Amino acid sequence: MQYLSANHVLIASPESKFCYFIGKKSRTKKLRIKNAFGESRSGINRCNDVIIVGAGVAGSALAFTLGKDGRQVQVIEKNLNKPDTFAGELLQPAGYLKLSELGLVDCVRDIDAQMVFGYAVYKDGKSVRLPYLLENYKNDVAGRGFRHGGFVQNLRAKAASLPNVKLEEGTVTSLIEEGGTIKGVQYKTSNGQHLRAYAPLTVVCDGCFSSLRKFLAKPKIDKPSHVVGLIVENCELPHPSHAHLVIANPSAFVLYPISSTEIRFLIDIPGPKLPSISNGQMATFLKTMVAPKVPPEMYSAFISSVDKGDIRTMPIRCMPAAPRHTPGALLLGDALNMRHALSGAGMTVALNDIALLCDLFKTLDLWDTTTVMKYTTHFYNTRKPMSFALNVLPDSAYKVIYSIPEELREKVLQAAFDYLSLEFSFTRELVGLISGLNVESWTTFLHVFATGSYVTGAMFLPVPSPDRVYAAARFASSAASIVIPTILDEGLGHLFYTESPPNYSERKTKQMEAKN
Ligand SMILES: Cc1cc2nc3c(=O)[nH]c(=O)nc-3n(C[C@H](O)[C@H](O)[C@H](O)COP(=O)(O)OP(=O)(O)OC[C@H]3O[C@@H](n4cnc5c(N)ncnc54)[C@H](O)[C@@H]3O)c2cc1C
């Protein structure tokens with residue numbers, strides 16, 4: 001017999017065929033099992049600590065970490081084949097550090113991943129290099145570029161290697177809710193069986209197209225653009241081992257190495273419509289509007305890649321985290337929070353969240369819903385500095401640039417480039433934010449407002465005239481009307497949040513003692 005909390009008792013031995021789960025309302029469920037935490041023979045119920053929906057970057061990394069902490073984890077993933085997507089191929093240095101902290105760093109070792117040491121920013125043939133600030137870290141700490149599919153398969157294999165993590169193929173169709181508490185999920189297996197699984201905690205990591213987030217959050221999804229994904233082969237980057245950001249109108253783009261022979265181009269196309277791939281409009285767009293901005297040493301390789309025709313697109317979705325605190329369930333990864341893909345930050349935020357969450361929940365009794373809720377609130381607040389820095393800067397800059405009148409845009413883009421070209425000591429903090437290595441919310445504020453003020457000031461130049469003053473005023477008011485709501489949507493509560501969850505310091509000391 002195992003006491004899970006005052007209201008929950010699990011009666012079973014590892015050899016027993018049944019376990020009895022006595023729930024809050026003294027309802028007893030008889031679960032037919034192979035062993036106390038094993039697979040259901042009848043296929044109806046399981047005894048888990050945690051159910052994870054989705055084994056992408058977030059779900060797989062979380063499953064491994066919770067499994068390592070001794071939890072019984074059931075992961076249900078819609079498709080266990082190697083993912084074939086270009087979403088999530090540049091990991092920021094802070095994301096790499098988190099991989100390392102979680103014991104997952106070998107997942108980037110056998111996939112021809114490339115080290116990335118910073119950004120080179122281009123505009124009209126001029127470039128400025130913004131190296132990551134890595135001097136205080138070990139030699140292996142840097143960004144990484146890789147093929148998404150290989151990385152995720154490695155994460156899945158790592159999670160599945162733990163005996164207490166069960167990874168299975170199935171599509172979760174709904175959450176099981178009783179009296180306002182999530183008790184588990186209903187899912188359909190790959191052979192068409194409809195099953196249910198129960199656990200005191202369900203973590204929903206079903207990605208950017210999440211069908212379940214609406215039950216656990218108030219999603220406010222913005223769809224500013226699409227991105228085109230293209231692989232350019234066998235050419236050298238002008239700044240080797242760097243990601244390149246090309247500031248251009250109408251389409252900004254980033255490129256970075258994803259293997260020793262491949263460079264990923266991610267080209268943004270603002271607005272709801274895309275040129276058609278099938279009738280050749282897209283190829284024409286890429287050759288006429290994008291190719292002239294591509295660094296000259298990569299031009300012919302870029303054109304060959306467009307001619308090859310392997311052009312793929314994805315919609316961009318941005319969404320501030322707005323979870324509805326629900327007992328028994330949590331959201332994580334893109335299901336919780338999304339930012340523009342050009343920031344290359346989604347995986348870093350997800351891995352940071354997992355490290356935080358697992359640290360907080362390490363020795364928590366997951367059946368004690370009230371305490372878990374308090375820790376969940378703490379998690380949603382302490383994750384904010386990272387997500388605030390990596391979401392607010394790129395999202396507000398993007399929204400401002402594409403909302404101002406066309407005639408102001410070129411001037412604003414030029415001023416943004418000049419801002420990035422300022423003395424390196426000034427941009428050090430900015431690089432700290434982009435890489436996720438130094439994410440102070442006040443620094444984020446400082447740079448949002450410093451960029452805005454710099455661009456506004458630049459509009460007066462060379463000599464203030466009535467036209468220029470008017471243009472600057474239009475820019476400033478339009479920027480303020482976008483940036484302020486973006487900041488408010490992300491939430492400011494964390495800046496003033498100082499609480500610790502119950503017994504946190506006591507638990508932390510015990511954890512530290514156990515470690516030593
Ligand atoms: C075009 C593009 C480019 C990007 N580039 C980068 C980048 O360079 N760097 C970066 O850090 N981030 C990038 N991102 C963001 C990054 O892809 C995500 O932040 C990251 O993949 C989030 O991981 P996740 O586990 O939440 O979601 P995913 O990795 O999408 O995983 C979700 C998983 O849930 C499964 N699933 C969905 N529904 C169900 C269901 N009902 N039942 C069971 N399983 C289900 C899916 O099959 C999938 O395996 C990019 C995003 C886009 C759109």
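In what order do the three strands of the open sheet stand? The order is β7-β11-β8, with antiparallel pairing. Strands are DSSP E runs of at least two residues, helices are H or I runs of at least four, and both are numbered from the N terminus. Two strands pair if DSSP finds at least two bridges between them.

This is a predicted model: local features need pLDDT of at least 70, side-chain atom pairs count only at pLDDT 80 or more, and totals for chains, interfaces and linings use all residues. Residues are numbered from 1 along each chain as its sequence is written.

Stop 1: Select β8 (114-116). β7 and β8 stand at the edges, each with a single partner strand, so one side of each has no neighbour in the sheet. Find Val-116; Gly-143 in β11 stands opposite.

**Stop 2: the ligand.** Show the 35 residues around the ligand (C-beta atom, placed from the backbone, within 6 Å). Gly-54, Gly-56, Gly-207, Gly-333 and Gly-346 come nearest. Colour α6 (346-361). α6 gives the largest share of the shell, four residues.

**Stop 3: a helix pair.** Select α11 (residues 441-458) and α12 (residues 466-490). Their axes, lines fitted to C-alpha atoms over the stretch in contact, come within 9 Å and cross at roughly 160°, on a scale from 0 to 180 degrees between N-to-C directions. That makes α11 roughly antiparallel to α12 (over 145 degrees). At the contact (C-beta atoms, placed from the backbone, within 7 Å), pick Val-448 and Gly-452, among others in α11, and Phe-475, one of the residues in α12.

Note on methods: Angles under 35 degrees count as roughly parallel, over 145 as roughly antiparallel, 65 to 115 as roughly perpendicular and the rest as oblique. Two residues are in contact if their C-beta atoms, placed from the backbone, lie within 7 Å.
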